[in-house]
Amino acid sequence: MASPVESIKSVKEEKEDDKAEEKETGAEDVQNDEEGNPEDEEEEEFEEEDKPGSVHMPPDGGSKAICIVISCSVIKMCVIAIQSICDKSVMMVIGRSENKRLQEILVSAQTVALPLIGLLMTRYGYRIVGFIGCSMVIVPLFALTWIPHSSYRECYYLLYCIAGLGFTFLNLTSIVPILEYFHRKRMLALFMYSVVTLLSAILFDVVLKDTEFELKIVFSIYQLIAMMTAGIACSAIVPLTLDVEIGDKWINRLIGLEDLALMKDSMLYLLLVFTFLFFIGKGFGDQSKFAYPGKQDGYEKVVLLLVPLLGQLLGYLWAVCLRNTVESVLFLFSGVVVLLAAVLTTTVAIPMDNITTCIWASVCFGILGVANGLVSMSTQKVLPDIFGKQNTRFVAGMVACMISLPRLVESLYTDLFDEKTVARFVHAGVYILSAGACALIIGKCVTPRNTQRYQNNEEDTSEDNQEKEASEEDAEA
């Protein structure tokens, strides 16, 4: 049995050992605080990236997301309305031939500007770009009320082209927020936006067909009302936090992109080629270019006008039904539909009797409308997933450029097919066939990147839930 003196010594030694351990642990804690615990840093970074309102955790529904869809739709409706009125009023003043030349200049400027607008949006956000677009429309059009076309034709064209670029700013502002604010419900949001756009275009086309406007009233009052409404809608769009770390190179700081490896991505160029081929084929094979053989009755005109629009609406609905499919399946399915539309487009101008021609042309243009709706929504839906949301604004500008470029090419070669309807539609079918083949290649090669972030988050959440359930069971036992 130990003596009292020995027991006291052992107690003192234990206390000294405990104090030494406390000092060591305290020094380690101080060192960890100074250097930073990597696990704590990862948790803080994860929380910062996934905070609500950031690009990694979009609202994806609720009142805020509904407000975004409504605001984007209002911007698009204002652009369609005032652009349709201005184009018709200007054509009545300057004549059809000069208006054609003016539109070619305008489309050229818009095509070149779209990628630059995407970069500007990446650096400063889509709200600033929307405000710039409204200013570029209001100021030049208001100045045109005081400039006679006959005396200052070049100045007139310049100011109108600046206003046309303003419309381009607003068009890109109206689509990019939807791509960023939604993930799982992105296709539904695009469907609502696309339907509003289609119905607005039809409505204003019908209303403006037999309506004449005084140019000064259009340039001073109508455009001011439309642009003020669009500006209010732009102010309701709150930009998401991109959390982009711009590289140290001067070119990264200049254009605002996180990584220039995007410019070396073959998938980007495949998508751009696919978009260009499809829309140039669609432009050459449009139903308005179809020369109907023989006498055309009223119901035949109505059928040939309505069937492509109904087909486009059906394509939108089809895209919504495919909203939960992976990107590869979506492109493979779109490629098959585009190939079918290409085959039918090449045969639409085969000489037949009147009734058979009307029925067959309706079927061909209807399938082409379905392909148009499916391709438009599918291409926009996959941009954030394939290229990452930090690159969505720039890539959306590039895709919009490839949609605008066919209009310029078609206007340059329109005289080549004036009296050759069969050659025009065979030409269109070849382009669409090439686009279908390109879509199949994309479907085989596409690898979604941004969706991996959401999949990892879901896996982490499920693992955390399983660990909590296991710890609760252990505690109960």
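**Exercise 1. Decide whether Cys161 is buried or exposed.**

Step 1: Recall the cut-offs: buried means under 20% relative accessible area, exposed means over 50%, and partly exposed lies in between (1.4 Å probe, protein chains only).
Step 2: Cys161 has 10% relative accessibility, so Cys161 counts as buried.
Step 3: Now look for disulfides, meaning pairs of cysteine sulfur atoms within 2.5 Å. By this rule the count is zero.

Before you go on, remember that this is a predicted model: local features need pLDDT of at least 70, side-chain atom pairs count only at pLDDT 80 or more, and totals for chains, interfaces and linings use all residues. Residues are numbered from 1 along each chain as its sequence is written, and side-chain values use heavy atoms, with hydrogens and water left out.

**Exercise 2. Find where the confidence is lowest and where it is highest.**

Step 1: Start with the whole protein chain, where the average is 77 and 70% of the residues score at least 70.
Step 2: Go helix by helix; helices (H or I, at least four residues) and strands (E, at least two) are DSSP runs, numbered from the N terminus. The protein chain has 17 helices and zero strands.
Step 3: The lowest confidence falls in helix H2 (residues 38-49), with a mean of 42, and the highest in helix H11 (residues 266-284), at 91.
Step 4: Residues 28-55 stay under 50, and there the model has 27 contacts (heavy atoms within 4.5 Å) beyond four places in sequence. Where pLDDT is low, the predicted coordinates should not be read in detail.

**Exercise 3. How many salt bridges does the structure hold, and which residues form them?**

Step 1: Use the rule: a side-chain nitrogen of Lys or Arg must lie within 4 Å of a carboxyl oxygen of Asp or Glu. The structure holds two such salt bridges.
Step 2: One joins Glu180 and Arg393, whose closest N and O atoms are 2.7 Å apart. This pair links distant parts of the chain, 213 residues apart: Glu180 sits in helix H7 (residues 176-181) and Arg393 in helix H15 (residues 392-412).
Step 3: Check the burial of this pair: Glu180 is buried at 0% relative accessible area, and Arg393 is buried at 3%.
Step 4: Another salt bridge joins the side chains of Asp385 and Arg186, at 3.2 Å from N to O. Here, too, distant parts of the chain are linked: Asp385 in helix H14 and Arg186 in helix H8 (residues 186-207) are 199 residues apart.
Step 5: Asp385 is buried, with 2% relative accessible area, and Arg186 counts as buried at 0%.

How values were computed. pLDDT is the predictor's confidence in each residue, from 0 to 100.
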